[in-house]
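The following exercises concern a single protein chain. Please work through each task before reading its solution.

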Amino acid sequence: TGLTASEVSVEANKVVHQVLDELYTRAVLYGEPKFDRSWATARYDALYSTAGLLGPAAYRAGLTMLRTYLDRHPEADLETLVASELEFRIVYDGFVFYGYIDLVRRQDERYRVADYKSNRRLYTEEELALDVQLGCYAYVIHTMFGVDEVDVAFEMLRHEVAQTSMRTLAEMRAAMDYLVGLARQAEHAAI
(Lines give C-alpha, C1' and ligand atoms only; values in the text may rest on other atoms or scores of the structure.)
Protein backbone atom coordinates (compact mmCIF):
# COMPACT_ATOMS: atom_id res chain seq x y z
CA THR A 1 0.00 0.00 0.00
CA GLY A 2 2.98 2.30 0.41
CA LEU A 3 1.84 3.20 3.94
CA THR A 4 3.99 2.83 7.04
CA ALA A 5 2.80 0.49 9.81
CA SER A 6 1.73 3.55 11.81
CA GLU A 7 -0.29 4.92 8.88
CA VAL A 8 -1.97 1.54 8.37
CA SER A 9 -2.90 1.54 12.05
CA VAL A 10 -4.42 5.04 11.75
CA GLU A 11 -6.42 3.99 8.68
CA ALA A 12 -7.60 0.81 10.43
CA ASN A 13 -8.77 2.95 13.36
CA LYS A 14 -10.79 5.06 10.92
CA VAL A 15 -12.45 1.88 9.68
CA VAL A 16 -13.45 0.94 13.25
CA HIS A 17 -14.82 4.46 13.75
CA GLN A 18 -16.89 4.22 10.55
CA VAL A 19 -18.34 0.83 11.50
CA LEU A 20 -19.37 2.16 14.93
CA ASP A 21 -21.04 5.17 13.34
CA GLU A 22 -22.89 2.93 10.88
CA LEU A 23 -24.02 0.63 13.71
CA TYR A 24 -25.64 3.54 15.55
CA THR A 25 -27.17 4.83 12.32
CA ARG A 26 -28.64 1.40 11.56
CA ALA A 27 -30.03 1.12 15.09
CA VAL A 28 -31.85 4.42 14.70
CA LEU A 29 -33.05 3.78 11.13
CA TYR A 30 -34.39 0.31 11.84
CA GLY A 31 -35.46 0.92 15.44
CA GLU A 32 -33.42 -2.13 16.45
CA PRO A 33 -31.21 -1.21 19.38
CA LYS A 34 -29.28 -4.52 19.49
CA PHE A 35 -26.10 -4.28 17.43
CA ASP A 36 -25.65 -6.98 14.78
CA ARG A 37 -22.15 -8.32 15.46
CA SER A 38 -22.08 -10.40 12.29
CA TRP A 39 -22.94 -7.37 10.19
CA ALA A 40 -20.34 -5.29 12.06
CA THR A 41 -17.59 -7.84 11.42
CA ALA A 42 -18.52 -8.20 7.74
CA ARG A 43 -18.64 -4.42 7.37
CA TYR A 44 -15.23 -4.07 9.04
CA ASP A 45 -13.80 -6.68 6.65
CA ALA A 46 -15.29 -4.91 3.62
CA LEU A 47 -14.10 -1.44 4.65
CA TYR A 48 -10.66 -2.72 5.61
CA SER A 49 -10.14 -4.36 2.24
CA THR A 50 -11.69 -1.46 0.29
CA ALA A 51 -9.27 0.93 2.00
CA GLY A 52 -6.44 -1.14 0.52
CA LEU A 53 -5.05 -1.90 3.94
CA LEU A 54 -2.77 -4.85 4.48
CA GLY A 55 -1.22 -6.39 7.52
CA PRO A 56 -2.58 -8.86 10.01
CA ALA A 57 -1.51 -6.87 13.09
CA ALA A 58 -3.51 -3.74 12.21
CA TYR A 59 -6.45 -5.88 11.05
CA ARG A 60 -6.55 -7.83 14.32
CA ALA A 61 -6.09 -4.71 16.44
CA GLY A 62 -9.00 -2.97 14.72
CA LEU A 63 -11.24 -6.01 14.93
CA THR A 64 -10.39 -6.45 18.61
CA MET A 65 -11.29 -2.80 19.34
CA LEU A 66 -14.61 -3.24 17.50
CA ARG A 67 -15.48 -6.46 19.32
CA THR A 68 -14.46 -5.04 22.68
CA TYR A 69 -16.70 -2.02 22.14
CA LEU A 70 -19.59 -4.30 21.21
CA ASP A 71 -18.98 -6.41 24.32
CA ARG A 72 -19.28 -3.25 26.45
CA HIS A 73 -22.12 -1.77 24.41
CA PRO A 74 -24.20 -4.60 22.89
CA GLU A 75 -26.97 -2.20 21.92
CA ALA A 76 -27.75 1.45 21.35
CA ASP A 77 -29.78 3.12 24.04
CA LEU A 78 -32.30 4.72 21.69
CA GLU A 79 -33.97 6.53 24.59
CA THR A 80 -30.86 8.59 25.33
CA LEU A 81 -29.20 8.76 21.91
CA VAL A 82 -29.34 12.25 20.44
CA ALA A 83 -26.94 11.74 17.53
CA SER A 84 -24.11 9.71 16.11
CA GLU A 85 -21.54 11.65 14.08
CA LEU A 86 -23.24 14.94 14.88
CA GLU A 87 -22.05 17.46 12.31
CA PHE A 88 -21.56 20.98 13.62
CA ARG A 89 -20.59 24.38 12.32
CA ILE A 90 -20.38 27.21 14.82
CA VAL A 91 -18.96 30.72 14.84
CA TYR A 92 -17.00 31.85 17.87
CA ASP A 93 -15.24 35.21 18.08
CA GLY A 94 -15.33 35.59 14.31
CA PHE A 95 -13.91 32.13 13.52
CA VAL A 96 -15.85 29.21 12.08
CA PHE A 97 -15.38 25.82 13.71
CA TYR A 98 -16.77 22.68 12.17
CA GLY A 99 -16.50 18.96 12.65
CA TYR A 100 -18.28 15.89 13.93
CA ILE A 101 -19.01 14.62 17.43
CA ASP A 102 -18.96 10.82 17.59
CA LEU A 103 -21.85 10.37 20.04
CA VAL A 104 -24.26 12.67 21.86
CA ARG A 105 -26.59 11.34 24.53
CA ARG A 106 -29.10 13.00 26.83
CA GLN A 107 -30.37 11.57 30.08
CA ASP A 108 -32.31 13.46 32.73
CA GLU A 109 -31.62 16.82 31.05
CA ARG A 110 -27.83 16.20 31.06
CA TYR A 111 -25.95 15.90 27.81
CA ARG A 112 -22.91 13.72 27.30
CA VAL A 113 -20.56 13.82 24.34
CA ALA A 114 -18.27 10.91 23.60
CA ASP A 115 -15.30 10.70 21.28
CA TYR A 116 -13.78 7.40 20.17
CA LYS A 117 -10.07 7.10 20.89
CA SER A 118 -7.73 4.28 19.92
CA ASN A 119 -4.73 5.58 21.90
CA ARG A 120 -2.38 3.03 23.33
CA ARG A 121 -2.21 4.92 26.61
CA LEU A 122 -4.92 6.36 28.83
CA TYR A 123 -5.19 10.06 29.60
CA THR A 124 -4.25 11.41 33.00
CA GLU A 125 -6.99 13.20 34.94
CA GLU A 126 -5.28 16.51 34.20
CA GLU A 127 -5.05 15.79 30.45
CA LEU A 128 -8.71 14.82 30.39
CA ALA A 129 -9.75 17.91 32.35
CA LEU A 130 -7.83 20.24 30.02
CA ASP A 131 -8.56 18.55 26.70
CA VAL A 132 -9.47 21.25 24.19
CA GLN A 133 -11.35 18.92 21.81
CA LEU A 134 -13.78 17.89 24.55
CA GLY A 135 -14.15 21.53 25.61
CA CYS A 136 -15.01 22.50 22.04
CA TYR A 137 -17.51 19.66 21.71
CA ALA A 138 -19.12 20.67 25.00
CA TYR A 139 -19.39 24.25 23.74
CA VAL A 140 -21.14 22.97 20.60
CA ILE A 141 -23.72 21.21 22.81
CA HIS A 142 -24.09 24.45 24.82
CA THR A 143 -24.85 26.41 21.65
CA MET A 144 -27.26 23.79 20.29
CA PHE A 145 -29.17 22.97 23.46
CA GLY A 146 -28.54 25.88 25.84
CA VAL A 147 -26.98 23.87 28.65
CA ASP A 148 -24.18 25.25 30.83
CA GLU A 149 -22.68 21.92 31.94
CA VAL A 150 -21.86 19.00 29.65
CA ASP A 151 -20.51 15.58 30.53
CA VAL A 152 -17.66 14.54 28.24
CA ALA A 153 -15.94 11.22 27.60
CA PHE A 154 -13.25 9.54 25.62
CA GLU A 155 -14.33 6.00 24.69
CA MET A 156 -10.94 4.32 24.91
CA LEU A 157 -11.35 1.52 22.38
CA ARG A 158 -8.14 -0.32 23.27
CA HIS A 159 -8.79 -0.24 27.02
CA GLU A 160 -12.44 -1.16 27.58
CA VAL A 161 -13.06 2.06 29.47
CA ALA A 162 -14.67 5.44 29.06
CA GLN A 163 -12.66 8.26 30.61
CA THR A 164 -15.16 10.87 31.75
CA SER A 165 -15.16 14.44 32.92
CA MET A 166 -17.47 17.44 32.91
CA ARG A 167 -17.22 20.93 31.43
CA THR A 168 -18.73 24.10 32.84
CA LEU A 169 -19.57 26.99 30.54
CA ALA A 170 -16.45 28.85 31.73
CA GLU A 171 -14.29 25.81 30.84
CA MET A 172 -15.99 25.52 27.45
CA ARG A 173 -15.30 29.17 26.72
CA ALA A 174 -11.68 28.79 27.83
CA ALA A 175 -11.24 25.94 25.32
CA MET A 176 -12.79 28.02 22.56
CA ASP A 177 -10.64 31.05 23.47
CA TYR A 178 -7.56 28.85 23.21
CA LEU A 179 -8.63 27.64 19.75
CA VAL A 180 -9.24 31.23 18.65
CA GLY A 181 -5.74 32.10 19.86
CA LEU A 182 -4.29 29.29 17.75
CA ALA A 183 -6.32 30.42 14.74
CA ARG A 184 -5.04 34.00 15.13
CA GLN A 185 -1.45 32.74 15.35
CA ALA A 186 -1.99 30.71 12.17
CA GLU A 187 -3.41 33.77 10.41
CA HIS A 188 -0.40 35.90 11.36
CA ALA A 189 2.04 33.16 10.34
CA ALA A 190 0.39 32.95 6.91
CA ILE A 191 0.88 36.66 6.24
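**Exercise 1.** Does Leu103 count as buried or exposed, and why?

*Solution.* The model is predicted, so local features need pLDDT of at least 70 and side-chain atom pairs count only at pLDDT 80 or more, whereas totals for chains, interfaces and linings use all residues. Residues are numbered from 1 along each chain as its sequence is written, and side-chain values use heavy atoms, with hydrogens and water left out.

Step 1. Apply the cut-offs: buried means under 20% relative accessible area, exposed over 50%, and partly exposed in between (1.4 Å probe, protein chains only).
Step 2. Leu103 counts as buried because its relative accessibility is 0%.
Step 3. Leu103 belongs to strand S2, residues 95–107; strands (E, at least two residues) and helices (H or I, at least four) are DSSP runs numbered from the N terminus.
Step 4. Leaving aside residues up to four places away in sequence, Leu103 touches several residues, among them Tyr24, Leu81, Val113 and Tyr116; a contact means heavy atoms within 4.5 Å.

**Exercise 2.** Describe the surroundings of Glu155.

*Solution.* Step 1. Glu155 is found in strand S4, which covers residues 149–156.
Step 1. With a relative accessible area of 2%, Glu155 is buried.
Step 2. The side chain of Glu155 forms a polar contact with that of Arg72, at 3.1 Å. Such a contact is a pair of N or O atoms within 3.5 Å; within protein, one must be able to donate a hydrogen and the other to accept it, and residues adjacent in sequence count only if both atoms are side-chain atoms.
Step 3. Beyond four places in sequence, the residues that Glu155 touches include Tyr69, His73, Arg112 and Val161.

**Exercise 3.** How far apart are Leu103 and Glu155 in sequence and in space?

*Solution.* Step 1. In sequence, the separation is 52 residues.
Step 1. In space, the C-alpha atoms of Leu103 and Glu155 lie 9.9 Å apart.

**Exercise 4.** Which order do the elements of the protein chain follow?

*Solution.* Step 1. The protein chain has six helices and five strands.
Step 1. Starting at the N terminus, the order is α-α-α-β-β-β-α-α-β-β-α.
Step 2. Of the 191 residues in the protein chain, 42% are buried.
Step 3. Among contacts with a separation of 6 or more, 65% join residues 24 or more positions apart.
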